[in-house]
Amino acid sequence: MPGKLKVKIVAGRHLPVMDRASDLTDAFVEVKFGNTTFKTDVYLKSLNPQWNSEWFKFEVDDEDLQDEPLQITVLDHDTYSANDAIGKVYIDIDPLLYSEAATVISGWFPIYDTIHGIRGEINVVVKVDLFNDLNRFRQSSCGVKFFCTTSIPKCYRAVIIHGFVEELVVNEDPEYQWIDRIRTPRASNEARQRLISLMSGELQRKIGLKVLEMRGNAVVGYLQCFDLEGESGLVVRAIGTACTLDKLSSPAAFLPACNSPSKEMKEIPFNEDPNPNTHSSGPSTPLKNQTYSFSPSKSYSRQSSSSDTDLSLTPKTAPYPQGPRIYLCPSSPSLSCGSLHLKKSCLLLSESSLTPHHSSLVSPVLRKSVSFSEELFLAASGMGSGSAGKEGGPFKALLRQQTQSALEQREFPFFTLTAFPPGFLVHVGGVVSARSVKLLDRIHNPDEPETRDAWWAEIRQEIKSHAKALGCHAVVGYSESTSICEEVCILSASGTAAVLNPRFLQDGTVEGCLEQRLEENLPTRCGFCHIPYDELNMPFPAHLTYCYNCRKQKVPDVLFTTIDLPTDATVIGKGCLIQARLCRLKKKAQAEANATAISNLLPFMEYEVHTQLMNKLKLKGMNALFGLRIQITVGENMLMGLASATGVYLAALPTPGGIQIAGKTPNDGSYEQHISHMQKKINDTIAKNKELYEINPPEISEEIIGSPIPEPRQRSRLLRSQSESSDEVTELDLSHGKKDAFVLEIDDTDAMEDVHSLLTDVPPPSGFYSCNTEIMPGINNWTSEIQMFTSVRVIRLSSLNLTNQALNKNFNDLCENLLKSLYFKLRSMIPCCLCHVNFTVSLPEDELIQVTVTAVAITFDKNQALQTTKTPVEKSLQRASTDNEELLQFPLELCSDSLPSHPFPPAKAMTVEKASPVGDGNFRNRSAPPCANSTVGVVKMTPLSFIPGAKITKYLGIINMFFIRETTSLREEGGVSGFLHAFIAEVFAMVRAHVAALGGNAVVSYIMKQCVFMENPNKNQAQCLINVSGDAVVFVRESDLEVVSSQQPTTNCQSSCTEGEVTT
Amino acid sequence: MTSELDIFVGNTTLIDEDVYRLWLDGYSVTDAVALRVRSGILEQTGATAAVLQSDTMDHYRTFHMLERLLHAPPKLLHQLIFQIPPSRQALLIERYYAFDEAFVREVLGKKLSKGTKKDLDDISTKTGITLKSCRRQFDNFKRVFKVVEEMRGSLVDNIQQHFLLSDRLARDYAAIVFFANNRFETGKKKLQYLSFGDFAFCAELMIQNWTLGADLKELKVLVADKDLLDLHKSLVCTALRGKLGVFSEMEANFKNLSRGLVNVAAKLTHNKDVRDLFVDLVEKFVEPCRSDHWPLSDVRFFLNQYSASVHSLDGFRHQALWDRYMGTLRGCLLRLYHD
């Protein structure tokens, strides 16, 4: 019984009228946690009741604290009949369970009803007393911090990045249980909300346990998703990157500590928390364990004790690091000895490969009934041989793997992070992805989610083998997703294969290795572009040149990645959002036939998506893509593909060649003319784009480069697979046969359409830029105005004679029009950039396409652009971002402001960091109560991990909320648009209220993970499910920091809050 | 391809002032889009008509959702659903409660009842203000009236507190409430030349200086007692001789004018007669003077002297009452005296 939860219900306001006769309400409140319920008195006849209740105390164990939400129900008392529910508030108390986050939750929460929406507000105070004497938790993982942010959070320093953690839990979906036929929609929705809340808590706790096992104390890049599998159940799954983090709050910790890291470590418990919380027992465990990390090999061996495979894992001998806990060890001995630049195969390109002649890949669906109680249909494109499948061999093997050791699953060198400290990323290969089509079946035993686990294990194995085949030992920017339609499910995973620098991470902890590292590899700005594989033994034909920056190493001509642009990368000009959009009709089919059809289509789609991306990239005159995300969505009668990425011109890579158009019937004069006309248009567009995005690479003479300037050509290659065939990497040649030049052949109307569609993408209006990454390359002078938004569009296709072309056009128009609308709506913010533009596509019904976009618009100051360029010499070679870099990097770099923007050796960075605690000292006001204002304080929301012009001083915990809204009076609520508009506004409001109650003033790394909308206009009904998450934080304006640096932190924060109200 | 659903939701609620104006003015989405197109916005921004349509719909939907809150402005400040900066909140409220001069002249002094609401069709036709806008304005009047009707304390303060209006607008609403409460007749043809501002000015003076129940009948002696009336006249004439361009006209009309002014006071004690206050003031004072072409300065001279001379009437004992009455009346008359 290690915890006491205390809840006080203070008051309510703006309650709805529940008694028509008096126009008033007799409200009371039920407070429920686990199986215990308390009630307040009934406050008669008021819409603004003042309950001022006693403290309701729940004595619970910490496992429940993690799993259960606090449930507050507001009811209207009725003497003669059942009490009417007004609405509920669910409060996740997890942020109270670790010491550095919130200490109290206190504020006004919207009272939410799944049928009526928000109905007034309630003021609640929640506290937790954790008993400190229990320092070993078996089942709970209190104290492990969670971050949605996909980089090391601002006010922390990574001591160790342990690696990949994942978990999933399954359950039956209450909506599909028999009881649902007799209960009200409200009861059903609430059962679902509560179940998902419970499952999220459980999932988080389990992930936390894994982190503790790995000796970590935090999960960064935590991504949790729901799969609504309908009849077959509900899956909640999460992935993340386990880390050991240090809070960068205490200057003392950095001072002389540079030479003796262990000393620094020991000091942390004291320095870290000036007002220690009694309930901080959780973190203490990981902190203690940090001592292990001083000697990585030791910790490996500890961990490996439970797994035979671990024996092979020690860095020096293992061909590949398999354990995530091993963060990034070099995959081979030669690598570790410093010749980092030389080897490794990498993946370049995102490729989709696929030439139709490889159709053998797309083999017939394998159907198998597996002995262990489940009938499982597998559609696997890569599993051609089939014999193994018939016997259920792979499944057994997987099962064995799974049961043998839970560790096995974690042994993926994957990182959900997308931004890293300089030097961490040695080489980047390219995108690796894997997809698998599965048929869903009922989950018979929720306690044994093997099937889903096995599915994901397969996919991850494939990703790993792709990376391996390309010689990269790690995958960064890793993510997983699903698309479900009826009983078919596409599982997707993708990431960027990379070579990482293990020593870099050990720096702070391994004594004596500092100098060594110095000599070894000074990371250069262009280093990550250099090919990691052996030039003479390339896994595929690629066109290489010497790096345009250092002239020493080879680079590919195009680079695709899923990560953010490294902050030290040299970029020419600005970047832009690039999207590939694609639809493919598919016959309606059942079960296996359907899965087969989908499997057959997938390679074609990937190929086309890739080709489109490549064309559009060239059309922009750019040579690299960052933040690439390819989403394949399955519907009843079609598949949609949407790829988004941010194109940039990397100075290290060669100038991209143009696009040549070739006709197939050269004898036709008018046709020739047409072709040349198109060619001219394309050339003009390229020229215009170069001007628009300010791409003026310096002229480089051939002699310097030492190799011929690359001719315009493209060879790309796809490492892609859709099956569980992990031994056999399916490599597809993307090089368009034998052709050297990048030629678009116009041999039929389809191709013509393609060229046309290339040219129809309209650039944003002047003053607007857009990207889907954290920062916009080439813009570094953000001002503080930000506007996060969500926009949703659903179009109905006319079902007559739908062709692929018509579909493509519809889809393309939908996306383009949506973007145009955004530009128009936000025109008052010009000059401005849409950052982190995130499109998701779903196909809710036969003829409906839904596109949901979330992004943030940030204003910037055009005039200051030149001033802030720190190295005027390199005006054209701006760094990706100067102002915000410290926000995106490891906190190691917090003081990089004081450095010139030259690439600096890590050792130097370290020194500076340790020597300049003064600079950081100002904003450690962790104990300062943030806006404890009685009026509504402004809460900013942003999908980015930072807030322009502000410092994040404290992370309060993750926000992870799931809501269902349903209506049976759709018309009365303004139709589907009115209904969804109101609902999304309500979701924002509830997120803000929770953040404010935690004492925060912003949510960073905000994401709307799901927005499932269903309507039935004939019945006047609609339902929507929304899942959002993010990190609640306290931020302080930089301007305030300067002004009040000598004052008390408290005033410091307050002033920032008041200012914030005006600016948002 | 048709858009089934099309929404934009910002963490900070986007308010487009131009669209808000169109919405307040009661234009349909289609009309609003047409008006925006005419404003040249497409050329300025390079947007398409479809974009404009979508944008307009979106703003209209937002305003529609905000309207419920605007009915009780303090709710707008405390609600959590829409994050709106305080300056924007103030703008939303102020504009929502703003009204058209033409409209307010039509309903000023009328009972804010369902009956009047039925006449809104006619008012809309007559004024060219859309029916929707007329309804909003009428409902605003009625809502404010209902809330402050029974309240104690300063009318303006009460309105400001409950509707968060600017000082200027709160004063206007106070006038509207005052007129509606007293049901002053303002619609007669001879009152058409008066603006809302004229009435609001008078209302403010009256609210500040007059209280109900004062025994204004006592003043009647000024005209009922012939000696007193003559004495009053001679005092005024003596004082103004040579100073007034229209002296002879004044002298000739003195008794009529004085009777008019004093009788107005007497009528104020009867609720039913109160309604005719402005009609009386115009008929009994403004019109006679105007027909004799009194310049405004002469009116001012006259009223000052007329009011002050009473102090020299020994037989009159209600000096304080008179001053309060005439102080306000003089202010009103001077404001009402124009073409």
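Between which strands of chain A does A:Ser232 lie? In this predicted model, A:Ser232 sits in the loop that joins strand E11 (218-228) to strand E12 (234-247) of chain A, strands being DSSP runs of E with at least two residues and helices runs of H or I with at least four, numbered from the N terminus. A:Ser232 is buried, at a relative accessible area of 7%, where buried means under 20% (1.4 Å probe, protein chains only). Its side chain reaches the backbone oxygen of A:Glu229 at 3.0 Å.

Residues are numbered from 1 along each chain as its sequence is written, and chains are lettered from A in the order in which they are written. Local features need pLDDT of at least 70, side-chain atom pairs count only at pLDDT 80 or more, while totals for chains, interfaces and linings use all residues, and side-chain values use heavy atoms, leaving out hydrogens and water.

Turning to the two chains together, the contact (heavy atoms within 4.5 Å) takes 50 residues from chain A and 37 residues from chain B. The area buried between them, that is, the accessible area (1.4 Å probe) lost on being put together and summed over both, is about 3900 Å², with carbon and sulfur atoms giving 60%. In chain A, the residues that lose the most area to chain B are A:Phe824, A:Lys825 and A:His981, together 21% of what that side buries.

Between chain A and chain B the count is 5 salt bridges, each a side-chain nitrogen of Lys or Arg within 4 Å of a carboxyl oxygen of Asp or Glu. A:Arg793 forms a salt bridge with B:Asp6, with the closest N and O atoms 3.0 Å apart.

Notes: Buried < 20%, exposed > 50% of the residue type's maximum accessible area, 1.4 Å probe, protein only. Polar contact = N/O pair within 3.5 Å; in protein donor to acceptor, adjacent residues only side chain to side chain. Buried area = accessible area lost by both parts, 1.4 Å probe.
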